[in-house]
Amino acid sequence: MKIKYVIGHWTAGNLKPSCLDLKSYQLLVDGEGCVHSGLAPGCTSSTGGMNSITYNIACCGGLVSKPLTKIQVEKFYLICAKKVKEYGLSPFSFYTHAEIGEMCRGYKLKLQGKSYDTKHQIITDLLPYNKWLYQNIGKIDLTRLPDFCGNALETGDYIRTKIVWYLKRL
Ligand SMILES: [Zn+2]
C-alpha cells in the first residue's frame with residue numbers, strides 16, 4: 001500500500017475524540033492540541049474510495065457548536081507537514097475532505113454533461129474512478145477554521161500554505 005495523499009478532516013463531534021472517532025482516522029488532534037493515534041492506513045473508513053492510498057488526519061469537533069481551536073489547528077498543520085514529509089509527498093498532495101467531495105461532484109457533473117467548477121481538479125486526476133468516491137460529495141470538513149472561513153478550495157489553499165510554512169521549519 002502506498003500513501004499518495006494526506007486528507008484533512010474534522011470529526012463533526014466533540015473536541016475530545018469518541019471511541020468511534022478513534023477508529024475512523026489515522027491521527028486525531030483534540031481541542032487542546034493533543035494528538036491521538038487512530039488506526040493504521042487502510043483500516044479506516046475515512047475518505048470513500050480512497051482509504052488504501054490516503055493518510056487521514058482529523059481535528060476533533062468543527063461544527064458551529066464545537067468550533068475548532070487555534071492551538072488545535074496549529075498542531076494539525078504541523079502534523080500534516082510531518083506526514084507529508086514522512087511519505088515523501090508534496091504539500092500539494094494534501095486535500096481537505098471537502099475538496100475531495102468537490103472533485104467527486106465535478107466528475108459526476110462532467111459525466112452527466114453538465115457544467116462544473118473547473119477551479120477544482122476532478123477526482124480521476126487523483127485516482128481511477130470507483131463507486132465509493134461519490135460518498136464524499138457534500139463533505140464540508142475544515143471549511144471553518146478559527147481564523148479563516150471559506151469554500152473547500154479556499155480553506156484547502158489556506159491549510160496548504162500553513163503546511164508549506166511548517167515544512168520549511170522541520
Ligand atoms: Zn471527513
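Both His97 and Asp141 are buried, where buried means under 20% relative accessible area, exposed over 50% and partly exposed in between, with a 1.4 Å probe and protein chains only. This is a predicted model, in which local features need pLDDT of at least 70, side-chain atom pairs count only at pLDDT 80 or more, and totals for chains, interfaces and linings use all residues. Residues are numbered from 1 along each chain as its sequence is written, and side-chain values use heavy atoms, leaving out hydrogens and water.

Start with the metal. The zinc ion is coordinated by His9 (ND1), His97 (ND1) and Asp141 (OD), at 2.1 to 2.2 Å. Donors are N, O and S atoms within 2.8 Å of the metal (3.2 Å for Na, K and Ca); water is not among the atoms, so sites may look incomplete. Along the sequence, the donor residues follow the spacing H-x87-H-x43-D. His97 and Asp141 link distant parts of the chain, 44 residues apart. His97 sits in helix α3, and Asp141 in the loop between α3 and β6 (144-145). Helices (H or I, at least four residues) and strands (E, at least two) are DSSP runs, numbered from the N terminus.

Now take the histidines. His9 lies in strand β1. His9 has a relative accessible area of 1%, so it is buried. His97 counts as buried because its relative accessibility is 4%. The side chains of His9 and His97 are joined by a polar contact of 3.2 Å. Such a contact is a pair of N or O atoms within 3.5 Å; within protein, one must be able to donate a hydrogen and the other to accept it, and residues adjacent in sequence count only if both atoms are side-chain atoms.

Next comes the sheet. It is open, with 5 strands in the order β3-β2-β4-β1-β5 and mixed pairing. The edge strands are β3 (35-37) and β5 (94-96), each pairing on one side only. From one strand to the next, the twist averages 25°. Two strands pair if DSSP finds at least two bridges between them. Strands β1 (residues 5-10) and β4 (residues 54-59) pair in the parallel sense over 6 bridges. Trp10 stands opposite Cys59 in β4.

Finally, return to the helix. Helix α3 (residues 97-111) lies across β1 and β5, running at about 80° to β5. Axes are lines fitted to C-alpha atoms, for helices over the stretch in contact (heavy atoms within 4.5 Å). Angles run from 0 to 180 degrees between N-to-C directions.
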